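Hi,

Here is the structure I said I would pass on.

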Amino acid sequence: MSATAFAARPDSDSRATPGIALTTQLVGQAELLPPPALALLVSLHRAIEPERQQRLAARARRQARFDAGELPDFRADTRAIREADWTVAPLPAALQDRRVEITGPTDPKMVINALNSGAKVFMADFEDSTSPTWRNLLAGQRALIGAVRGDLSFDTPAKHYALRPYEEQAVLIVRPRGWHLDEKHVLIDGQPIGGGLFDAALFAFHNARALMARDRGPYFYLPKLQSMEEAALWESALAHIEAMLGLPHGQIKVTVLIETLPAVFEMDEILHALRERIVGLNCGRWDYIFSYLKTFRRHPDRVLPERGQVTMTQPFLKAYSELLIKTCHRRGAHAMGGMAAQIPIARDEAANELAMARVRADKLREVSAGHDGTWVAHPALIPVAKAIFDAHMPGPNQHQVLRGDVQVDRDALIAPSPGTVTRAGFEGNVEVCVRYLAAWLDGNGCVPIHDLMEDAATAEISRAQIWQWLHNEGQHLDDGTAIDFVLLEATLRNLPARLGNAEALPGGTRIDEAIALLDRLSRADELAEFLTLPAYALID
């Protein structure tokens, strides 16, 4: 059966496992979710869910304090962790050199191309790059099983896709969904299981033994953590999975994305909470910018300019990346750089060269600062990034770069950013939101738009900026036009004509639905925590 061969069927595969109900049944899902896997999900949910809900409630309470004027800061109660001398556990051999990593969704073609790409690591993404339809999730798990087993293939009328020999493949790391996302298709004791728990546990269930036999993972990228307590909860969850599957403690290794503003103040603490299994931290720059917007949504003095002006040279982003390097290298962990979202522009040689020059400059900045590796979104960028890191990082990493010169305080990490909002910037944000939402609702979580690879993180920046500009008084375009609901309404009304033949775009038949959702979210008195939460109700 191919990795995407799922069709609806009425019977349930979960009746033999008390406490669990699968709300949708597809042909082929029984072999992915046999009774022992369901039993693992039940046990994991019951062990972790109460604390997951407590952590989400703690997020809401902290955001309420930020909305009332409080500013994030380093914690006084964890000063001893930050000041003590300790290191994380030794890094596995397979993850010593991570100079170029490629990311993308978990469909079979992407998995094959990414593992064959020449990158050191492929991050298979169940979160920002995957629209979590039940069909997509099961197809993704099946594709990863085939990848680990070595027999994954994919055929189109024009080409046969197959994996290269194992020794030539990128190392596989899986990104499960964040703590805030439910998996509504799996109910345990009447509650949806956490999406990340489902993703991680099912991948480990099917692949842990095969990976161990090759001196590999399971390896995970953990997204959107906001505190050391959330990191400790992942530690509990992963230890529970190891115990249930009979794996050695610490066999599962993780890298944590520092992609929320609160987390940057707890990097030492997050490393410490996961010190027996963590390999590094990553500058998840796009979600980090989104988190800055969300954290300061009620702070008119910290409204960001249009997203094209919010580059890694902005002082608050430079401080964040350099502090991450200093923190990681002090603790013996990798400091991974961020995503280059550019994609090749085949139709325009001059524009393509300009895009590649931006990638080279970004990667030179990262390796010169001390990062141990970087991300790209397209295979064509791998040689571009690799050439920069090869030239400036002759060893497998640069943990010896301790960055003792970096002195970053609270104010540096939250410094306001200068800049403007142009009409093109405002209209571009609206277009990106609508087009990405339409594609996501249609089952596609990773979409090229205007020569950039857009995923949930980049769409979130655009969506949060629109809301922040509308809900903080006195915001204007650089031509003096007020940013208000009149401008939003006109932009949304004119968008279909601007898009032309919208039905030819990914998710084009859902453009009107996406416009209506963006309009509703933009007018709401409160900024929705995540775009994907209300959108999730509209799929499956």
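S1 and strand S7 (residues 182-188) are paired in the antiparallel sense over three bridges. Before going further, keep in mind that this is a predicted model. Leu22 has Val186 in S7 as its bridge partner. On the other pairing, S7 and S8 also run antiparallel, here over four bridges, and Asp182 sits opposite Gly194 in S8.

Put together, you get an open sheet of three strands in the order S1-S7-S8, with antiparallel pairing. Its edge strands are S1 (20-22) and S8 (191-194), each of which pairs on one side only. From one strand to the next, the twist averages 55°. Helix H2 (residues 35-67) packs on this sheet and touches S1, S7 and S8, and the direction of H2 makes about 90° with that of S8.

The hairpin of S7 and S8 has two residues between the strands, and Asp189 there takes a positive phi near 55°.

**H2 against H7**

H2 has a helix partner as well. How are H2 and helix H7 (residues 228-245) packed? Their angle is about 175° and their axes are 10 Å apart. Angles over 145 degrees count as roughly antiparallel, so H2 is roughly antiparallel to H7. From H2, the contact uses Ala39, Leu40, Ser43, Leu44, Ala47, Ile48, Glu51, Arg52, Arg55 and Arg59. H7 brings Glu229, Glu230, Leu233, Ser236, Ala237, His240, Ile241, Met244 and Leu245. Sorted by class, that contact has ten nonpolar, three polar and six charged residues.

**H10 against H11**

The other helix pair I looked at is H10 (residues 285-295) with H11 (residues 315-330), which pack at an angle of about 125° with their axes 12 Å apart. That makes H10 oblique to H11, and their crossing is right-handed. Arg285, Tyr288, Ile289 and Tyr292 of H10 meet Phe316, Leu317 and Tyr320 of H11. By class, this contact has six nonpolar residues, no polar ones and one charged.

H10 is mostly covered, with ten of its eleven residues buried. The buried set takes in charged side chains too: among them are Arg285, Asp287 and Lys294. Tyr288, Ile289, Phe290, Tyr292 and Leu293 are also among the buried residues of H10.

How many of the eight residues of helix H4 (residues 108-115) are buried? Six of them are, so H4 is largely enclosed by the rest of the structure. The buried ones are Pro108, Met110, Val111, Ile112, Ala114 and Leu115. As for what surrounds them, they pack against strands S2 (100-104), S3 (121-125), S4 (153-155), S5 (160-162) and S6 (171-175), and against helix H5 (134-149).

**S9 and S10**

Strand S9 (residues 219-222) pairs with strand S10 (residues 253-258) in the parallel sense over four bridges. Tyr221 stands opposite Thr255 in S10. In a regular strand, side chains alternate between the two faces of the sheet. In S9, Tyr219 and Tyr221 point one way while Phe220 and Leu222 point the other way, and all are buried.

**Backbone spots to check**

Most residues other than glycine have a negative phi, and most peptide bonds are trans. A few places here go against that.

- A cis peptide bond joins Gly217 and Pro218, with omega about 15°. Pro218 lies in the loop between helix H6 (195-213) and S9.
- Asp215 is not a glycine, yet has a positive phi of about 60°. Asp215 is in the loop between H6 and S9, and at 57% relative accessibility Asp215 counts as exposed.
- His450 has a positive phi too, near 50°. The loop between strands S14 (447-449) and S15 (452-454) holds His450, which is exposed with a relative accessible area of 54%.

Cheers

Key: Residues numbered from 1 in each chain as written. Predicted model: local features only at pLDDT ≥ 70, side-chain atom pairs only at ≥ 80, totals over all residues. Heavy atoms only, no water. Axes fitted to C-alpha atoms, helices over the stretch in contact; angles between N-to-C directions. Parallel < 35°, antiparallel > 145°, perpendicular 65-115°, else oblique. Left-handed = near helix turned anticlockwise from the far one by under 90°. Contact = heavy atoms within 4.5 Å. Pairing = 2+ DSSP bridges. Buried < 20%, exposed > 50% of the residue type's maximum accessible area, 1.4 Å probe, protein only.
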